[in-house]
Amino acid sequence: MNQPAVQALFNQIAPHYDSLNHWLSWGQHQIWKRMVIGWVDPQPGQIGVDLCCGTGDLTRLLAAKIGSTGQVWGIDFSEPMLRVAQRRSAHLPIRWYTGDVQQLPFADQSVDGVTMGYGLRNVSDRHQCLREIWRVLRPAGRGAILDFHQPSDPWLRAWQAWYLQQVVVPVAANLGLAAEYQYLWASLQTFPAGAQQVQWAEACGFHACHYPIANGLMGVLVLHRP
């Protein structure tokens with residue numbers, strides 16, 4: 001699916017995105033997002049950026065750690081997603097930006113920490129996205145990228161396929177979003193395993209590790225800029 005089609009998909013699902021994520025992950029996505037924040041370890045007064053921020057879950061967690069003395073940005077290409085994020089975060093000093101995470105609006109080495117949740121899988125040029133994260137991070141800056149992961153255990157892989165195709169899509173279909181959520185399974189088929197993600201990151205210059213979580217159904221790519 002090309003980038004304009006992916007953008008249109010996320011525009012369509014924006015009103016239901018949070019409730020579906022919560023229900024379909026049994027609320028566990030909030031735990032995984034807090035793990036992402038732990039790996040980045042943002043400090044008061046720093047500059048943090050949440051890429052493909054969607055409705056702003058990770059952005060708000062960043063803002064809670066960085067506080068009013070720093071600055072937090074949420075960036076997404078979907079304006080409907082950002083409108084939901086703004087409504088839910090009006091009390092926080094977060095700046096929202098509609099844009100492409102492959103061309104970030106920041107100077108070289110100007111950002112302390114970067115987060116991304118369920119975004120890298122949907123970017124048309126994943127290498128370029130990682131190069132941009134490298135460019136904007138300061139030396140000793142950290143990043144963490146949460147996304148779906150294909151587990152190595154064949155039984156878990158089979159369960160993941162069954163759950164996405166037989167539970168997620170039918171639930172989404174009740175909201176008229178079957179086609180949109182069928183994309184999730186298709187996108188996972190082209191998303192590389194953790195070892196390949198680490199190779200990509202190291203080619204950009206990062207020290208990188210990939211941590212499977214949730215029995216390998218999810219994974220976090222952790223980046224450190226020397």
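A residue is taken as buried when its relative accessible area is under 20%. The structure discussed here is a predicted model.

**Cysteines**

Cys-129 has a relative accessibility of 0% and therefore counts as buried. Cys-53 is likewise buried, with a relative accessible area of 6%. A disulfide requires a pair of cysteine sulfur atoms within 2.5 Å, and by this rule the model contains 0 disulfides. For both Cys-53 and Cys-129, the nearest cysteine sulfur belongs to Cys-52, at the distances tabulated below.

| Cysteine | Nearest cysteine sulfur | Distance |
|---|---|---|
| Cys-53 | Cys-52 | 8.1 Å |
| Cys-129 | Cys-52 | 6.2 Å |

**The largest cavity**

The count of cavities of 30 Å³ or more comes to 1. The space in the largest cavity is about 310 Å³. Its lining consists of 26 residues, of which Cys-52, Cys-53, Gly-54, Asp-76 and Gly-117 are the closest to the centre. Helices α1 (3-13), α2 (17-24) and α4 (57-66) are the elements that each give two or more residues to this lining. The greatest contribution is that of α2, with 3 residues.

**Helix α4**

Helix α4, one of the elements that line the cavity, is largely enclosed by the rest of the structure, because 7 of its 10 residues are buried. The buried positions of α4 are Asp-57, Leu-58, Thr-59, Arg-60, Leu-62, Ala-63 and Ile-66. Gly-67 follows α4 and has a positive phi, near 75 degrees.

In soluble globular proteins, nonpolar side chains tend to be buried together. In this model, the largest nonpolar core comprises 35 residues, and the members that touch the most others are Tyr-118, Leu-146, Phe-148, Tyr-181, Met-218 and Val-220. Helix α7 (residues 154-173) supplies the largest share of this core, 5 residues.

Notes: Residues numbered from 1 in each chain as written. Predicted model: local features only at pLDDT ≥ 70, side-chain atom pairs only at ≥ 80, totals over all residues. Heavy atoms only, no water. Core = buried A, V, L, I, M, F, W, Y, C linked by side-chain atoms within 4.5 Å. Buried < 20%, exposed > 50% of the residue type's maximum accessible area, 1.4 Å probe, protein only. Helix = DSSP H or I, 4+ residues; strand = E, 2+ residues; numbered from the N terminus. 1 Å grid on protein atoms, 1.4 Å probe; cavity = no way out; pocket = protein on both sides within 12 Å on 5 of 7 lines; lining within 4 Å. Points joined across faces, edges and corners; volume = space filled by probe spheres on them.
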